[in-house]
Amino acid sequence: MNDQHPIVYVVSDSVGETAELVVKAAASQFGDQGVEIRRIPYVEDEGTIDEVIDLAKEANAFIAFTLVIPEKNEYLIKKAKAAGVDTVDIIGPMLDKLVSLTGQRPKYEPGLVYRLDEDYFRKVEAIEFAVKYDDGRDPRGIERADIVLIGVSRTSKTPLSQYLAHKRIKVANVPLVPEVEPPEELFKISPKKCIGLKISPEKLNEIRTERLKALGLKAEANYAKLERIEEELAYSEEVMKKIGCTVIDVSNKAVEETANLISNMFQR
């Protein structure tokens, strides 16, 4: 009795993760017998294809492949058929169906899925950065950030940081309070990557009053008094002028609108 597991060669002109996952998913339906998967990534020339076909023929294996470049795809199918090696085209039939559905031609670029994964990890990294350097908790984030948001409490610094993080922008935010000296790092970075957020006293009074109510606190607290708010706003304006940064009025702007404005500035 032959105890050797069946072999599947996974051939791709990129990383080969897509084809390997499909093979593993299918193999899982056959219990503990197991399938040995041998992945051959970044196949770019016909010589490599020939070598894989020879190996598959010798091992009585078949080839599962994701070759998006039509010439390589056709070459593998033709040569494998001539050698008596079975093949499974994992991505080809789906591309054909999508061509019929959309009426468009594919890009025929290897590795686009992998690039999307890289994009996803950049987003996660930016989100983690925004959490770590939220509310000025670690001034070291100021120098590491793509953008630094400054402003008094309740000017949407935290939600803006998270929204921009989903655009893969690393954001640190720093609250400005008259009794607390701003971090010295704010004056060391380029003013171009610092964004000041200002707001009208009346709007901030309204926001802070609602915030106190939500917390079950009295609306008369100093935090929501107009006199205190005007003091904070005057102080923040002074700091922003000293830095020389761009200032955005968020009084009548939704978070998404402000985030898109900042994102466009960052891209420029």
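A residue counts as buried when its relative accessible area is under 20%. The legends below use this term for a predicted model.

Figure 1. The strands follow the order 6-5-7-8, and their pairing is parallel. Strand 6 (171-175) and strand 8 form the edges, each pairing on one side only. From one strand to the next, the twist averages 25°.

**Figure 2. Strand 7 pairs with strand 5 and with strand 8****.** Strand 5 (residues 147-151) runs parallel to strand 7 and is joined to it by 3 bridges. In one of these pairings, cysteine 194 of strand 7 is the bridge partner of valine 148. Strand 8 (residues 246-249) also runs parallel to strand 7, with 4 bridges between the two. Here glycine 196 stands opposite valine 247 of strand 8. Lysine 198 likewise has aspartate 249 of strand 8 opposite it.

**Figure 3. Helix 2 packs against helix 3****.** Helix 2 spans residues 46-58 and helix 3 spans residues 70-83. Their axes are 10 Å apart and meet at an angle of about 30°. The crossing of helix 2 past helix 3 is right-handed. On the side of helix 2, the residues in contact are Glu46, Ile49, Asp50, Ile53 and Lys57. They meet Lys72, Tyr75, Leu76, Lys79, Ala80 and Ala83 of helix 3. Sorted by class, this contact between helix 2 and helix 3 has 6 nonpolar residues, 5 charged residues and no polar ones.

**Figure 4. Phenylalanine 129 and tyrosine 133 form a tilted aromatic pair****.** A search of the whole structure finds 1 aromatic pair. The ring centres of phenylalanine 129 and tyrosine 133 are 4.5 Å apart and the ring planes are at 50°, so the pair is tilted. Two values are needed for such a description: the distance of the ring centres and the angle of the planes. Are the two residues, phenylalanine 129 and tyrosine 133, buried or exposed? Both phenylalanine 129 and tyrosine 133 are buried.

Note on methods: Residues numbered from 1 in each chain as written. Predicted model: local features only at pLDDT ≥ 70, side-chain atom pairs only at ≥ 80, totals over all residues. Heavy atoms only, no water. Pairing = 2+ DSSP bridges. Axes fitted to C-alpha atoms, helices over the stretch in contact; angles between N-to-C directions. Left-handed = near helix turned anticlockwise from the far one by under 90°. Contact = heavy atoms within 4.5 Å. Nonpolar A, V, L, I, M, F, W, Y, C, P; charged D, E, K, R; others polar. Phe/Tyr/Trp six-rings, centres within 6.5 Å; stacked < 30°, edge-to-face > 60°. Buried < 20%, exposed > 50% of the residue type's maximum accessible area, 1.4 Å probe, protein only.
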